[in-house]
Amino acid sequence: MKTVLCRMCAIALSMAVWGSARAAGPEEAQGLWLTAAQDAVLEFKPCADQPAALCGRIVWDKDAGTAKDTCGVQVARLGRYDNGAWRDGWAYDPRDQKKYKSVVRVKDGDLFIRAFIGVEILGQTEQLKRVSALPATPVCKS
């Protein structure tokens, strides 16, 4: 009985260690992310005026240089990282020009932005894929 209990404890401990090693931390959201429609790349990094917060900005837009250009538009600001997600902030959708409450999570290497009005469960999620570099053209003007 003691051996079985020891094995169960060892398994539980190894699962806890493995799970915490695989859990995304606050830095995981930083970097370049391609939208699901593949029409923009967002860069997430600490906010310039509040380094403990996370800000997202459009750094590549397929419509760069046209009337529909959204280069440089800030699309997210999240105040704190808690329980595996960035919270207490907003996301801006340039398509409808509205701000929504927002939560950002990284799971299995993808970034999920959940935008909502009221409560999170009634929101909509967009999944973004990490990219290592911006597409060559068109280029956003700084």
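C140 is buried in this predicted model, with a relative accessible area of 15%. A disulfide joins C140 to C71, with an S to S distance of 1.9 Å. C71 lies in the loop between β3 (54-61) and β4 (74-82), while C140 lies in the segment after β8 (124-131), so the bond ties together parts that are 69 residues apart in sequence.

**Disulfides**
- The link of C71 and C140 is left-handed, with -65° about the S-S bond.
- C47 is joined to C55 by a disulfide, with an S to S distance of 1.9 Å.
- The torsion about the S-S bond of C47 and C55 is about 100°, so this disulfide is right-handed.
- C47 and C55 are both buried.

**Aromatic residues**
- Y81 is partly exposed at a relative accessible area of 27%, whereas W86 is buried at 7%.
- At W90, the charged end of K99 sits over the ring, 4.0 Å from its centre.

**Confidence**
- The protein chain has an average pLDDT of 86, and 82% of the residues score at least 70.
- Residues 1-22 have a pLDDT below 50, and this stretch has one contact in the model beyond near neighbours in sequence.
- Where pLDDT is low, the predicted coordinates should not be read in detail.

How values were computed: Residues numbered from 1 in each chain as written. Predicted model: local features only at pLDDT ≥ 70, side-chain atom pairs only at ≥ 80, totals over all residues. Heavy atoms only, no water. pLDDT = per-residue confidence, 0-100. Contact = heavy atoms within 4.5 Å. Buried < 20%, exposed > 50% of the residue type's maximum accessible area, 1.4 Å probe, protein only. Lys NZ or Arg CZ within 6 Å of the ring centre and 35° of its normal. Disulfide = S-S within 2.5 Å. Helix = DSSP H or I, 4+ residues; strand = E, 2+ residues; numbered from the N terminus.
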